[in-house]
Amino acid sequence: MKPILFIRTLVSEAHRARIAEHFDVLYATSAEDIARTLAESGPRIRAVLTTGLMGLTAAQIDAMPNLEVVCALGVGYENIDVAHARQRGIVLANGAGTNDACVADHAFALLLATVRKVLPLDRHTREGGWRATVDMPPGLTGKRLGILGLGAIGRQIARRATAFDMEVGYHSRRARDDAAYPYFSDILSLAQWSDILVLAAPGGPATHHMVNAQVLDALGPQGYVINVARGSVIDTEALASALRERRIAGAGLDVYESEPDAPETLLGFDTLVLTPHVGGWSPEAVNNSVQRFLDNTLGHFAGRGVVSAIPA
Ligand SMILES: NC(=O)C1=CN([C@@H]2O[C@H](COP(=O)(O)OP(=O)(O)OC[C@H]3O[C@@H](n4cnc5c(N)ncnc54)[C@H](O)[C@@H]3O)[C@@H](O)[C@H]2O)C=CC1
Ligand SMILES: O=C(O)C(=O)COP(=O)(O)O
């Protein structure tokens with residue numbers, strides 16, 4: 001008999017079919033359907049697939065007394081009640097390293113579009129404008145790129161920046177022995193040094209509003225911020241004020257405090273490039289993440305353990 005898996009986040013039909021070779025799948029994505037599934041089948045569920053955004057609450061965990069393993073499809077797990085799950089002895093795993101290249105590509109897509117003003121120039125061209133009437137956008141060569149979080153994604157961003165002949169610096173919880181880039185012991189000094197600040201650290205309380213008015217002012221009127229991490233890392237109101245008062249030059253955002261909506265206060269700026277949390281979204285990256293989910297859960301049920309446990 002296959003173990004019963006509850007998928008509580010959007011997963012394509014093709015991927016669900018692949019997963020169903022190994023599990024009996026219960027699939028629910030709306031709040032109502034999730035509540036009904038838990039009420040009807042909670043005790044039968046042995047595994048859950050969710051995401052950082054969709055999470056899993058303590059009450060939901062308690063509705064599944066025989067739950068053994070919870071997996072986040074992607075890397076982030078900020079809305080999974082990890083402490084509660086651990087208390088219950090539930091194994092936790094994520095898709096660490098499955099989408100890093102894709103997210104780094106996307107960070108660069110946002111970075112280039114923002115700094116080289118691609119969207120306003122596209123509009124200008126379609127309206128019959130030509131180059132004499134627009135401000136010259138800056139180039140990237142020789143610019144300083146500051147990275148918050150030199151993990152899997154941060155390193156891929158650093159490699160790409162090096163290929164663009166940019167200087168790279170970073171701030172993480174600690175300096176890394178295996179990275180030659182200059183380390184800054186706090187975000188403020190990194191922002192003071194940087195022309196462009198790229199955020200690639202996890203969400204959650206430790207990074208909440210790390211990028212505030214002071215950090216944006218340290219970046220300065222020629223500075224840019226790119227966020228592919230989590231919306232909570234930037235104080236949205238402080239960013240809106242800095243853009244309105246031109247205290248920074250622009251921003252590129254893939255993630256928001258108000259997901260799944262982009263905040264109203266940001267929609268009017270043409271110094272801003274927005275995408276709807278698609279940084280880890282490519283056929284290749286999603287395939288990797290689904291494969292990792294299978295490796296994790298099948299490893300667990302075969303007694304080998306998961307491949308990428310969420311760190312303690
Ligand atoms: N836009 C998107 O679609 C995606 C966003 N993400 C976000 O990016 C984050 C990072 O992903 P990975 O690089 O794969 O994870 P990772 O775990 O490999 O790297 C995280 C890095 O952040 C640093 N960090 C953690 N807490 C910190 C703190 N309080 N202050 C400073 N640095 C801190 C760590 O030291 C580490 O270097 C994920 O947690 C997720 O929130 C991840 C994938 C897709
Ligand atoms: O890997 C991550 O953390 C991501 O943000 C990717 O999105 P997802 O978790 O698949 O909703």
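Visitor: How many bridges join strand E10 to E11?
Guide: Three bridges link E10, residues 250–253, to E11, and the two strands run parallel. This is a predicted model.

Visitor: Which residue is the bridge partner of Ala251 in E11?
Guide: Ala251 has Leu272 as its bridge partner there.

Visitor: What is the strand order of the open sheet?
Guide: The order is E7-E6-E8-E9-E10-E11, six strands with parallel pairing.

Visitor: Which strands stand at the edges?
Guide: Strand E7 (167–171) and strand E11 (272–274) do. Each has a single partner strand, so one side of each is left without a neighbour in the sheet. From one strand to the next, the twist averages 15°.

Visitor: What does helix H7 lie across?
Guide: Helix H7, residues 152–163, lies across strand E6 (144–148), E7 and strand E8 (196–199). The helix runs at about 175° to E6.

Visitor: Switching to ligand 1. How many residues surround it?
Guide: 26 residues surround ligand 1, and the closest are Ala152, Ile153, Val228, Asp254 and Gly280. By class, the shell has 14 nonpolar, nine polar and three charged residues.

Visitor: What does a nitrogen atom of ligand 1 have 2.9 Å away?
Guide: An N or O atom in the side chain of Asp254.

Visitor: And which side chains lie by an oxygen atom of ligand 1?
Guide: A polar side-chain atom of His277 is 3.3 Å from an oxygen atom of the ligand. For Arg230, an N or O atom of the side chain is 3.5 Å from a ligand oxygen atom.

Visitor: How much of the accessible area of ligand 1 does the protein cover?
Guide: The protein covers 86% of the 860 Å² that ligand 1 has on its own.

Key: Residues are numbered from 1 along each chain as its sequence is written. Chains are lettered from A and ligands numbered from 1 in the order in which they are written. This is a predicted model: local features need pLDDT of at least 70, side-chain atom pairs count only at pLDDT 80 or more; totals for chains, interfaces and linings use all residues. Side-chain values use heavy atoms; hydrogens and water are left out. Two strands pair if DSSP finds at least two bridges between them. Helices (H or I, at least four residues) and strands (E, at least two) are DSSP runs, numbered from the N terminus. Axes are lines fitted to C-alpha atoms, for helices over the stretch in contact, and angles run from 0 to 180 degrees between N-to-C directions. Contact means heavy atoms within 4.5 Å. A residue is near a molecule or strand if one of its heavy atoms lies within 4 Å of it. A polar contact is a pair of N or O atoms within 3.5 Å; within protein, one must be able to donate a hydrogen and the other to accept it, and residues adjacent in sequence count only if both atoms are side-chain atoms. Accessible areas come from the Shrake-Rupley method with a 1.4 Å probe; for residues, only the protein chains shown count as cover. Ala, Val, Leu, Ile, Met, Phe, Trp, Tyr, Cys and Pro count as nonpolar, Asp, Glu, Lys and Arg as charged, and the others, Gly among them, as polar.
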